[in-house]
Amino acid sequence: MKQVFEPLPPVPDHPRLEEEILQWWEDEQVFERVRDQNRGNEPWSFIDGPVTANKTLGVHTAWGRTLKDVFQRYKALRGFDQRYQNGFDCQGLWIEVGVERQLGLNSKREIEEYGLERFAAKCREVVVWSASELTKGEKRLGQWMDYGRDYFTFSDTNIEYIWRFLKIVHERDWLFVGHRSTEWCPRCGTSISAHELTGSYVERADPSLFVRLPLLDRPGESLVIWTTTPWTLPANVAAAVNPEAEYARRLNGEWVAAPRYPDEEFEERLRGAELVGWRYEGPFDELAPGAAVEHRVIPWDEVSLDEGTGIVHIAPGAGTEDFELSKVHDLPVLTPVDESGRFYDDYGWLHGLTTTEASEQIIGNLEEKGRLVEAGLYEHRYPECWRCHTPLIFRISDDWFISVAEIREPMRRANADVEWVPDYFGKRMDDWLANMSDWNISRRRYYGLPLPFYPCKCGELNVIGSKAELSERALEGFDQLEELRRPWIDRVPISCAKCGERVERVTEVGDVWLDAGIVPFSTLGWQNPESVPEGFATGAARGLTKADLPDNDYWENWFPADWVSEMREQIRLWFYSQLFMSVALVGRAPFKRVLGYEKMFDENGREMHGSWGNMIDAADAFERMGADVMRWQYSAQPPNQNLWFGFGPAHEIKRKLLTLWNSVRFLVDYANVDGWRPDYESLASPPEHARPLDRWLVARTHAFVAEATQAYEETLTMNVIRAFDSFVDDLSNWYIRRSRRRFWNGDAEALATLWFALVQGLRAMAPVMPFLTDWLWRRLVAGVCEDAPASVHLAGWPEPAEPDAALVAAVAEVRRVVELGRQARSQAGLKLRQPLRRLVVDGGALSDEHAAEVREELRVKEVELGPVEATELRVKPNLPILGPKLGKELGPVQAALRAGEFEELEDGRFRVLGHELGPDEVLIERAGKEGWAVASGNGVTVALDTALDPELELEALVLDLIHQINSMRREQGLELTDRIKITLPAAQSDLLEHEDWIKEETLAVEIDTDGGTEPRIAKA
């Protein structure tokens, strides 16, 4: 007989299976057919957060790409029209730093010597290479996107949209130059925004110095300050005290905060306010900058008495709070280091040294001068550059800022309308917005968005809003403008709108989050009068994409995004910049729903680092575990918890998927034996079944599809995985096992029911496991049903019927009782192949009509529903709760409970010595009496009679033999339908009392005995 279904191998080879499906998708243009099928339907808008194009695909990035693909696939199955536009982040320090390392460049000076044109070309090369590699990796992951029509943030079109935003911001008077002390990366030579700092703190040990500062008007006395940044001491101008705190003079004349040294003896005590105005000799007054300063004590309510000496060293040129104090107290501001973090020439012997190099020499100098009280190391959390990991310093800088004063509350209101998953991410966003500082948008770098700011000497700030405006106002250089980028843009001066004079552009580039934040406007064609074919393939993106620039009607249709997703740190980065720019431009949030997720670690909970040997390359993961297994691992993770990713968890996932595989293989093998062929139409309306078990599996399938639908709608993939795990367990370990004899007999209803359940399960899991589900669909459905779609991804979503909840619950109760029975057997050391006489079930909702199923599953002769009297009840006090309540009476109550002198009441309550104890106040144990095995859980108790007799023992030997014979059949490679002859040793002849039973279970036609020592089988 010709086989209906293509047989399955014993185990799936996930990587090879996936490569086969990838090629088939491409050959059959399956993705294009999905898009065509849904085109014109209700839109579902998703905006892709751009991947930084400086790397290949990593397993970290693959997590987010998977989640995005899962929900796009789900919405496609529901018939929604989608855009599928992929994005690449192409500018900024992530790109620059990598290119610097490639070229062996270590400073901005070296970049400029290399040449900005050559440097820009190298940066673009990296983007082109990375975009190709990322696309290759995303395709291998199974992510469906409109590759080839990607958006690149370094497109002139994208940059022009940011220029328009900046011009609007300027017109609202939000744009300003801030002169302030700011976080600064000395290696990158640029300031850092506040939103780039969160999550950038690392544990490190820095020098801890206690320094003596002699008082000028109190001979023999001095102040003692504390610092962990020695390089800031040459910039000291003041010392701050808490005006309300008590300060005291040690016997050696040193002044410190008295509460910091409670065990010391002091000669004099004063309130901090009395120290204000004292003059002192600076730590480095021999250097010119310090010599010009009158150092004095100032009051500051924020001086902490929790660490240091209670007297704070103030250097306004090297600290944000210090700089603000300089405004209050009219303090001079000394800026000791340049953009690269090296001391200026006027700092004498320190000139040219980095802040790190200077520390050791500063310590030595202080010690020589007798100023050093104590030196050591201090471990603390300190910020580092999130791109190059260089420790940050504070430095006075003139940077471009956007004021948040007017937009803060509108942003908070807009955020309140967004549905965040998990919901606490929304609270974190609100906290960020409530405390956000002005947005520092400028960077003193090269390969980035050129800020369109042209400040004129007349006081006019000219802000260019488009390339067309630049063309109109350019005095020269516009024709050589290859792209909107340095150095070409630097060669295009304009005329001042106010005075007409020649004006040069500022050299700064923009914060990279401007590039990504504008995407909901630039890629959708906001305010664009007409669609421009390949209108996004401009500037540096020319030749890399065929993405169009749509018109405003298109934007109206697709804005705001129905859903976006990125990891938690993007709250202060991409989500923030999008929200800021959207509220500024149109007064509302750019997204309706957000799925966030936490961090990834290795399978042991450690961060992944190449130097630790635990970094997993995505290509290696594809080859060793397969994309579907990776996607399962990502999807099974609750978004509010860190993911521990690795090959160990992958093996467990493969084991789970093997249960599904074996269930499909079981169906295929038995269907082929009988030539059974499924009816595709039955998926939409399964036939009525006479057998309760068939009706249950259909109902259970409907229930699973309903659970999966709800989980997808709630964007909680881990609930999809949990529901599928449970479903496959029910299907394999209950339906197939309970129906095995029906399959042996070629029962068409059993085959149809199992086929229905498996196929609907594949459809519901297709978004998570697109490869395996499509591979199996082609064998179970498309290959055997002429009217079936070629791919599971073309089949639409399985609309669930209302499940028979009562039937599903009844079988769940049966399974619960069976599981408790197995626990009782295990505790008594009784294997399942040993029949027993009696099982008593107390509690729960098991009905008599399901008692036969329990008998068969637990191999007991009789099931009795009623009170379990074969147990001994032991009650103990729950001491943490009952102790405080009873006090001195706890002892007698405990003794009475131990002696069994109590009365059992309803609802888990007990009365003892006049006290009524609630269920939370006692601990209950039930132990089986002699001859019984007992197990309890969730209000159900089962008791197994463990007594054995010769009849039961003989049946156990028969079952052992049946198991042995069937194992021998598999080992010898016999087909499912092959009949056999059995030869038993004479010592086992007593088992022939059950000869018909043995024949039926092993497909034996004849059983003989001889003088051998082991059973033998032969094909009949």
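Before going on, some ground rules. What you see is a predicted model, where local features need pLDDT of at least 70, side-chain atom pairs count only at pLDDT 80 or more, and totals for chains, interfaces and linings use all residues. Residues are numbered from 1 along each chain as its sequence is written, and side-chain values use heavy atoms, with hydrogens and water left out.

Okay, the overall picture. The chain has 1020 residues, and 56% of them count as buried. Its C-alpha atoms fill a box of roughly 110 × 85 × 50 Å along the principal axes. There are 33 helices and 40 strands; these are DSSP runs numbered from the N terminus, H or I with at least four residues for helices, E with at least two for strands. As for contacts, meaning heavy atoms within 4.5 Å, residues 24 or more positions apart make up 75% of those in the chain with a separation of 6 or more.

Now, salt bridges. In general, side chains of opposite charge can pair when their charged atoms come close. Here a salt bridge is a side-chain nitrogen of Lys or Arg within 4 Å of a carboxyl oxygen of Asp or Glu. How many salt bridges does the structure hold? There are 89.

Back to arginine 631, then. Arginine 631 pairs with aspartate 69, and their closest N and O atoms are 2.7 Å apart. Aspartate 69 sits in helix α3 (residues 59-77) and arginine 631 in helix α21 (residues 627-635), so this pair ties together parts that are 562 residues apart in sequence. Aspartate 69 is buried as well, with a relative accessible area of 0%.

Leaving out residues up to four places away in sequence, threonine 66 touches Leu141, Arg631, Tyr634 and Ser635.

Next pair: glutamate 254 and arginine 212 form a salt bridge, with the closest N and O atoms 2.8 Å apart. That one links strand β10 (residues 254-257), where glutamate 254 lies, to strand β6 (residues 201-214), where arginine 212 lies, 42 residues apart. Glutamate 254 is buried at 3%, while arginine 212 is partly exposed at 23%.

Arginine 700 belongs to helix α23 and aspartate 730 to helix α24 (residues 717-738), so parts 30 residues apart in sequence are tied together. Arginine 700 and aspartate 730 are both buried.

There's a network of salt bridges, too, linking Asp48, Arg65, Lys68, Glu138 and Glu566.

One last stop, at the start of the chain. Where is glutamine 3? Look in the segment before α1 (14-28). Glutamine 3 counts as partly exposed, at 45% relative accessibility. The C-alpha atoms of glutamine 3 and valine 673 are separated by 7.8 Å, although the two are 670 residues apart along the chain.

That's my tour, thanks.

Note on methods: Buried means under 20% relative accessible area, exposed over 50%, partly exposed in between (1.4 Å probe, protein chains only).
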